[in-house]
Amino acid sequence: MIGRLNHIAIAVPDLEEATKIYRDTLGAKVSEPVPLPEHGVTTVFVDLPNTKIELIEPLGGQSPIAAFIEKHPKGGMHHLCYEVDDIYEARDRMVELGATIVGTGEPSIGAHDKPVIFMHPKDFAGTLIELEQKD
Ligand code: CO
């Protein structure tokens with residue numbers, strides 16, 4: 001069912017610091033920061049030849065990644081995002097197989113303006129999984 005690895009997201013306490021690591025130390029192309037208040041994060045995208053890295057920093061008091069940063073003060077891998085052909089079909093399959101969808105269970109619009117769902121790490125080898133509708 002899953003297709004390409006769309007991105008790996010790394011939650012960080014300091015986006016400017018993380019940008020310097022990826023841009024200056026690792027020599028990657030890094031975008032300008034994009035605030036996504038409806039998701040409670042600010043994001044920068046690191047463009048790699050075969051995928052993207054998203055660096056995400058908490059934004060606002062209710063950020064869904066605030067607790068993660070508390071547990072991982074230096075930052076850490078937050079989720080993997082795989083592309084699927086049909087987000088509703090994928091969601092129905094996940095529900096049918098007993099996986100826990102995070103939130104309402106309805107796809108929401110993600111960082112790339114495409115519908116996404118998140119699946120709880122407990123069902124996926126300890127890793128939060130995002131599924132994103134393909135182009
Ligand atoms: Co993501």
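Which residues does Leu131 touch, not counting residues up to four places away in sequence? The model is predicted: local features need pLDDT of at least 70 and side-chain atom pairs count only at pLDDT 80 or more, while totals for chains, interfaces and linings use all residues. Residues are numbered from 1 along each chain as its sequence is written, and side-chain values use heavy atoms, with hydrogens and water left out.

View 1. Thr51 sits in the loop between strand 4 (41-47) and strand 5 (52-58) (strands are DSSP runs of E, at least two residues, and helices are runs of H or I, at least four, numbered from the N terminus). Thr51 is buried, at a relative accessible area of 8% (buried means under 20%, with a 1.4 Å probe and protein chains only). A polar atom of its side chain lies 3.0 Å from the backbone oxygen of Leu5, and the Thr51 side chain reaches the backbone oxygen of Asn6 at 3.1 Å.

**View 2. The cobalt ion.** His7 (NE2), His79 (NE2) and Glu130 (OE) coordinate the cobalt ion at 2.0 to 2.1 Å (donors are N, O and S atoms within 2.8 Å of the metal, or 3.2 Å for Na, K and Ca; water is not among the atoms, so sites may look incomplete). His7 belongs to strand 1 (residues 5-11) and His79 to strand 6 (residues 76-84), so the pair ties together parts that are 72 residues apart in sequence. Both His7 and His79 are buried.

**View 3. Leu131 and the largest nonpolar core.** Leu131 touches Met1, Ile2, Tyr82, Val84, Ile87, Ala90, Met94, Pro115, Val116, Ile117 and Met119, not counting residues up to four places away in sequence (contact means heavy atoms within 4.5 Å). The largest nonpolar core has 12 residues, including Leu131, Leu80 and Ile101 (such a core is a set of buried Ala, Val, Leu, Ile, Met, Phe, Trp, Tyr and Cys residues joined through side-chain atoms within 4.5 Å). Strand 6, helix 3 (87-96), strand 8 (115-119) and strand 9 (128-133) each supply at least two residues of this core. Another core, of 11 residues, lies apart from it, with Val12, Leu15, Val46 and Ile53 among them.

**View 4. Lining of the largest pocket.** The largest pocket is lined by 32 residues, of which Pro64, His78, His79, Phe118 and Leu128 lie nearest its centre (on a 1 Å grid over the protein atoms alone, a pocket is an open set of points where a 1.4 Å probe fits, with protein on both sides within 12 Å along at least five of seven lines; lining residues have an atom within 4 Å of a point). Strand 4, strand 5, helix 2 (66-71), strand 6, strand 8 and strand 9 are the elements that give two or more residues to this lining.

Key. Buried means under 20% relative accessible area, exposed over 50%, partly exposed in between (1.4 Å probe, protein chains only). A polar contact is a pair of N or O atoms within 3.5 Å; within protein, one must be able to donate a hydrogen and the other to accept it, and residues adjacent in sequence count only if both atoms are side-chain atoms.
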